[in-house]
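Please open the model in your viewer and keep the sequence beside it. This tour moves from one selection to the next and says what to look for at each stop.

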Amino acid sequence: MTRVYTSAVIPAPAANVWRRVRDFNGLPDWTPFVRESRIEQNLPSDKVGCIRNFVLTDGGRIREQLLALSDYDMSCTYSILESPMGVENYIATLSLTPVTDGNRTFAQWQADFDCPPEREAALIQQVGQGVFQTAFDALKAHFAR
Amino acid sequence: MVRVVVSSVLDLPVDEVWRVLRDFNSHHTWHPAVAESVIEDDLPPDTVGAVRRFRLTDGGELREQLLDLDDRAHRLSYCILDAPLPLHDYVATIQLRPVTDGNGAFWSWSSEFRTPPAQAGEMRDLVANGIYLAGMHALDGWLRRGPAPLTVARAPEKRPAPPPSPPPGTGAQAVVMTRHGGPEVLELRPVTSHDPGPGEVRLRQRYIGVNFIDVYTRTGYFDLVDPPGVPGMEAAGVVEAVGSGVTHLSPGDPAAYACPPPGAYATHRTMAADLVTRLPADLDLAHAAAGLLKGITAAFLLHDVARIAPGDWVVIHAAAGGVGSLLTQWAAALGARVIATVSTAEKADHVRTLGAEAVVLGRGQAFLDEVRHRTGGEGARTVFDAVGRDSIHASLEALAIRGHLVSFGQASGDIGALQIGPLASKSVTLSRPNYGHYVATREMMETHARRLFDALAWGIVTIPAPTIFPLDRVREAHSALESGRTMGALVLETP
């Protein structure tokens with residue numbers, strides 16, 4: 001099992017950040033790498049078990065299923081059903097924690113998955129930096145305004 | 001129940017913050033509300049169940065008990081046993097998490113307690129702001145300034161060595177180099193260990209690292225010890241006693257050093273405390289002795305002597321060796337494309353698992369062909385060469401234009417004289433780093449040690465299990481190291 005962990009501080013109250021990231025169908029609104037997204041079978045995007053089907057800006061298509069959503073802990077857990085990344089048993093959790101000192105947000109994004117050993121380093125980089133950190137950078141830029 | 005949660009972000013590596021917070025007997029050194037701290041019954045401060053007694057700066061007394069301590073999760077909990085304030089059933093948790101975006105630390109300090117309703121607001125404010133937030137800001141400042149001289153002594157009456165260790169001078173032994181020469185000049189002899197003076201610490205050493213620098217010391221190639229004297233640069237053990245003015249170590253701490261002056265080949269050692277680093281609790285002593293000197297060498301070679309950029313072609317000779325295997329893992333983690341050389345097929349298999357992109361047997365024509373082929377004819381940006389005489393000419397030939405040869409050892413023999421004129425044909429940069437110059441001060445030592453501990457904690461480098469020789473078989477250990485047949489590190493285990 002490979003683990004990727006990325007965390008960052010977002011300069012905004014956690015409730016505000018959570019409003020922006022909570023929508024499981026909202027990746028195109030707050031990340032720079034998702035072009036379009038829909039929830040399969042027209043389910044509400046906060047129905048646990050729903051599947052988001054989205055297209056990356058590079059054309060790749062990914063299907064992910066919402067496994068857990070907590071407005072109390074401000075966290076969201078999902079698995080990958082299909083993707084061009086070549087990972088198996090991929091489960092990730094995005095969670096927000098208030099930083100009371102300065103009323104900011106500590107954002108953590110962790111993924112566990114299986115992959116061929118020779119691809120592990122590249123995937124850690126791709127997921128940790130290319131996806132998670134890039135999304136955090138977009139949040140930081142959005143709330144810095 | 002009142003619940004208080006305070007959190008902050010410190011712009012400091014999580015391990016650095018944790019090293020202080022995990023010390024249950026440290027608040028008086030950095031927290032403005034605590035004047036004195038003592039652990040009852042002389043227990044080591046990381047003993048779960050240990051009770052600390054605080055004298056607060058306002059004169060009050062407080063007793064708190066450590067309930068759990070988790071180095072992997074960077075979390076600890078404690079409760080109040082006696083307090084001068086109405087804080088009942090008080091249980092608090094300290095939790096750190098790394099902020100990977102910038103290498104900071106997220107710190108959450110939370111608690112639950114009962115208190116009379118009329119005082120809930122006052123108690124909440126005291127705990128949240130007077131203790132937690134004030135403590136966070138104070139520790140942040142304290143770590144940035146570096147430890148300040150203490151105004152309050154750390155319970156000097158509690159200082160005697162913990163019970164399991166022998167009284168000073170009893171049963172202490174050291175390996176004495178009787179003259180310069182082969183392994184046969186090393187002799188185990190009884191010695192006297194003395195109490196630490198001001199600024200000193202006495203270690204009960206458990207494992208001693210065996211390094212090539214010890215061989216050079218023994219043969220006289222490096223003029224480090226005048227015989228008769230004790231060689232050795234590196235050991236790990238437990239702090240037995242500290243002298244006055246020593247604030248970063250306490251009896252019972254796991255600790256290690258890797259630096260001159262020589263004298264490590266001994267069961268006990270009293271030395272300048274500034275040279276000694278406290279170890280993370282999850283690093284065992286055998287691995288620490290096996291890896292500290294080599295890891296610090298790798299740390300400054302890759303960060304200070306050369307600067308490795310992602311995508312750089314880097315040659316690492318003797319990549320299965322102690323420093324070589326750490327360099328290979330670390331350089332690969334920094335994004336370098338590593339061409340490794342080894343002397344046997346068995347070592348080649350091992351080195352491939354460390355992240356090397358290509359592994360070559362020997363340093364002959366096949367090596368040069370491989371470098372040329374891999375780099376598209378350009379050559380390597382940096383070559384790390386500790387083999388010396390047998391490899392240095394191939395190393396120069398393998399370099400790219402404006403390449404950097406880091407010659408930091410001579411396992412195969414003295415390099416001899418090198419003409420510097422021809423180096424202009426490639427605008428070669430040549431470094432001959434000397435370990436001592438990169439660990440000359442406590443600050444340098446702590447910088448490299450922190451890099452190493454972080455790299456270990458993050459899994460960027462791993463220290464393989466060392467080969468262990470009992471101290472009285474030190475001659476065999478030296479012979480094995482000089483034979484070039486060993487993989488990974490050698491350590492001596494003290495009785």
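In which loop of chain A is A:Asn42 found? Select A:Asn42, and you will see that this residue is found in the loop between strand S2 (34-39) and strand S3 (51-56) of chain A, where helices (H or I, at least four residues) and strands (E, at least two) are DSSP runs, numbered from the N terminus. Before going further, note that this is a predicted model, in which local features need pLDDT of at least 70 and side-chain atom pairs count only at pLDDT 80 or more, while totals for chains, interfaces and linings use all residues. Residues are numbered from 1 along each chain as its sequence is written, and chains are lettered from A and ligands numbered from 1 in the order in which they are written.

Although A:Asn42 is not a glycine, its phi is positive, at about 60°. A:Asn42 counts as exposed because 7 C-beta neighbours lie inside 10 Å; the term exposed applies to a residue with 12 or fewer other C-beta atoms within 10 Å of its own, with C-beta atoms placed from the backbone.

Next, go to B:Arg402, which is found in strand S19 (residues 399-407) of chain B. B:Arg402 is not a glycine either, yet has a positive phi of about 65°, and this residue is exposed, with 11 other C-beta atoms within 10 Å.

Now select B:Pro227 and B:Pro228, which are joined by a cis peptide bond with omega near -5°. B:Pro228 sits in the loop between helix H4 (212-219) and strand S11 (234-242) of chain B.

For the last stop, select B:Pro260 and B:Pro261, where the peptide bond from one to the other is cis, with omega near 0°. Look for B:Pro261 in the loop between strand S12 (254-258) and strand S13 (268-272) of chain B.

Technical notes. A residue is buried if 20 or more other C-beta atoms lie within 10 Å of its own, exposed if 12 or fewer, and partly exposed in between; C-beta atoms are placed from the backbone.
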